[in-house]
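Me: I would like to learn how to read a few features of a model, one after another. Could we take the general idea each time and then the case at hand?

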Amino acid sequence: MDLSATPPKPAAALAARARDLLGMWYALDLWPVAIVWRDGLEGPAGIAWLEERTIELDAHLLARHPRRIDEVLAHELAHLVIHARIGPDAEQHGPEWRALLEIAGVRATRFHAMDA
Ligand SMILES: [Zn+2]
């Protein structure tokens with residue numbers, strides 16, 4: 001399905017927020033990050049592709065829960081930062097990851113799947 005006409009939130013707004021978050025986390029060296037809407041991730045609201053620095057967000061799911069878009073974006077983006085800073089052995093939802101979400105003022109919840 002082509003979602004380009006009606007994404008739950010414009011890609012440019014997502015990119016701006018992601019850049020702001022990286023700034024808060026002293027991680028602007030990781031910019032740019034690609035943020036793309038997908039249809040049918042089959043469960044997860046978002047997926048972080050760590051090596052590719054790409055975040056996929058489920059358009060259908062988040063269209064029904066638009067207030068959670070920012071939460072999912074920050075959740076996935078924090079995974080990219082932890083991967084870059086600590087490496088593949090980092091605990092996925094460990095204290096460093098939670099600290100980033102606290103800085104961002106975002107709830108640390110788990111409702112997605114990861115590729116790594
Ligand atoms: Zn996660």
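Me: Is aspartate 29 buried or exposed?

Reply: Before that, note that this is a predicted model, in which local features need pLDDT of at least 70 and side-chain atom pairs count only at pLDDT 80 or more, while totals for chains, interfaces and linings use all residues. Residues are numbered from 1 along each chain as its sequence is written. A residue is buried if 20 or more other C-beta atoms, placed from the backbone, lie within 10 Å of its own, exposed if 12 or fewer, and partly exposed in between. Aspartate 29 has 7 other C-beta atoms within 10 Å and is therefore exposed; it lies in the loop between helix H1 (11-24) and strand S1 (34-38), where helices (H or I, at least four residues) and strands (E, at least two) are DSSP runs numbered from the N terminus.

Me: Where is isoleucine 47 placed, and is isoleucine 47 buried or exposed?

Reply: Isoleucine 47 belongs to strand S2 (residues 46-49), and it counts as buried because it has 21 C-beta neighbours inside 10 Å.

Me: How do helix H3 and helix H4 cross?

Reply: Two packed helices are described by the angle between their axes and the distance between the axes. The axes of H3 (residues 69-86) and H4 (residues 95-104) come within 9 Å and cross at roughly 130 degrees, the axes being lines fitted to C-alpha atoms over the stretch in contact, with angles from 0 to 180 degrees between N-to-C directions. That makes H3 oblique to H4, since angles under 35 degrees count as roughly parallel, over 145 as roughly antiparallel, 65 to 115 as roughly perpendicular and the rest as oblique.
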